[in-house]
Amino acid sequence: MKLKNEEELDDLIICKKCFTLHKKVPIKSGTKALCSKCDAVLYKYNKDLPKKGLALSITALIFLLLANRFPIVSIDILGHEQYLTITKTFLTLFESGFFIVGFIVMFLIFIFPFLITILYIMIFLLLYFKIGDKLSKKILVLISHIEPWSMSEIFLVSILVALVKLIGYAQIHMGISFGALIAYVLVDIYIGSSMKLPEIWMYRDKVFDDRNR
Amino acid sequence: MIEIDEQDLIRCPVCEAVNINKGKHNICRRCQSSIYKHTKFRTEKSWAYLITAMIAYIPANLYPMLITSQFGHQEGSTILGGVILLWEHGSYPIAMVIFFASIMIPILKFMILIYLLISVKYPLGKDKKINKHKLFYLTELIGPWSMIDVFVVAILAGLIHMANIQILAGTASTAFVLSVFFTLLSAHAFDEQLIKEYDRG
């Protein structure tokens, strides 16, 4: 295989799932390229990526704030009313002395979701205004390190499991934050699947290459 | 003009840019992350995390995960005990979810990682029928879901917190959370490039 220079490597892509080498082809905005071997999505192209990304990530932040502000569920047990918020989940663990579990849970369901959402807003703002050549690189690297550790969707499923366990013992009332958490998880999954990091990298390369030329 | 072998092309694990494998120390030309720089001990880091995770998994199953305290009377239940209890009470779907998340997924992940780590050094997986890249992709996908049980314990402990009736997290939750944490680290430390290099010869 012959290449003129290292820059030409940008035209190649290796499938995430099966490691097959592909040559990138230009595609229309709103379409996607699939792997020839395993049909996994290689990349998508969307010319309005920063606009779409900003809209979605700001929505995600609003839902995340709501999800943390109000109780997720409240239960009625033997006449006592008890409620649960996201912060209370790990604060109780701290109170009862489980610092390691509390610490890890705090990062997985509280700090990392906030951090990821704010970083997404920052990266899309930078791309929208076409500034921050170096900073955008750092943010994207940081996102790819944190992303596997943000576990809001798993927390959501856990809430459902916990509530099913309580059926019969207590009366359960869903709070406002439960809806907000569902909305946040859905928006977050949509951001993750419609704007994958390599696609943001591709868009970023295009923005700054055009400007430097 | 540079001429390179197609097999020498590697993918940056952070930004997925295609890079040329130059041997000892590869730095991604796009995001400047180093691409698995430990040439001498390439599987050891992953092994170390994996063994730590497996050791932590033992107390996670022996000690109680959840302690129910009713009018001063404390009762603990282990992971497997909790699953059996749920099954007996007739909540089969929940019992299945907990069983898959806390028992099946961790063990499956241990086995896949052990298989991958051995197969990149010794002729164990010479058969090309198993796509090891897909296997690795699968472990990364299902791995975090084993956190379900820990979250459930944290939620129940946060909700049921009264003078007479209390649910407390047990010792096993610390062990289990450490086990999941180190399994995730082990998967991240695994160098996918090794699969390709071994299959080549």
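Biologist: What makes strand β4 (residues 66-70) of chain B and β6(B) a pair?

Modeller: Two strands pair if DSSP finds at least two bridges between them. β4(B) and β6(B) are joined by five bridges in the antiparallel sense, and they therefore meet the criterion. Gln70(B), for example, stands opposite Ile165(B) in β6(B). The model is a predicted one, in which local features need pLDDT of at least 70, side-chain atom pairs count only at pLDDT 80 or more, and totals for chains, interfaces and linings use all residues. Residues are numbered from 1 along each chain as its sequence is written, while chains are lettered from A and ligands numbered from 1 in the order in which they are written.

Biologist: Why do β5 (73-77) and β6 (165-169) of chain B count as edges?

Modeller: The open sheet has three strands in the order β5-β4-β6 (chain B), with antiparallel pairing. β5 and β6 of chain B each have a single partner strand, so one side of each is left without a neighbour in the sheet. From one strand to the next, the twist averages 20°.

Biologist: What makes β6 (residues 73-77) and β7 (residues 80-84) of chain A a pair?

Modeller: They share five bridges in the antiparallel sense. Ile77(A) has His80(A) in β7(A) as its bridge partner. The hairpin of β6(A) and β7(A) has two residues between the strands, and Leu78(A) takes a positive phi near 50° there.

Biologist: Which strands pair between the two chains?

Modeller: Strand β1 (residues 2-3) of chain A and strand β1 (residues 2-3) of chain B pair in the antiparallel sense over two bridges. Leu3(A) stands opposite Ile2(B) in β1(B).

Biologist: How many residues does each chain bring to the contact between them?

Modeller: Two residues are in contact if their C-beta atoms, placed from the backbone, lie within 7 Å. By that rule the contact takes 49 residues from chain A and 47 residues from chain B. Helix α5 (residues 152-166) of chain A gives the largest share of chain A's side, nine residues.

Biologist: Why are α2(A) and α5(B) called roughly perpendicular?

Modeller: The axes of helix α2 (residues 86-95) of chain A and helix α5 (residues 148-159) of chain B come within 8 Å and cross at roughly 85°. Angles under 35 degrees count as roughly parallel, over 145 as roughly antiparallel, 65 to 115 as roughly perpendicular and the rest as oblique. The two helices are therefore roughly perpendicular to each other. Among the residues making their contact are Phe90(A) and Leu93(A) of α2(A) and Ile155(B) and Gly158(B) of α5(B).

Biologist: Is Gly179(A) buried, exposed or partly exposed, and how do you know?

Modeller: A residue is buried if 20 or more other C-beta atoms, placed from the backbone, lie within 10 Å of its own, exposed if 12 or fewer, and partly exposed in between. Gly179(A) has 15 C-beta neighbours inside 10 Å and therefore counts as partly exposed. Gly179(A) belongs to helix α6 (residues 176-194) of chain A. Its C-alpha atom is separated by 24 Å from that of Pro148(A), 31 residues apart along the chain.

Conventions:
Helix = DSSP H or I, 4+ residues; strand = E, 2+ residues; numbered from the N terminus. Axes fitted to C-alpha atoms, helices over the stretch in contact; angles between N-to-C directions.
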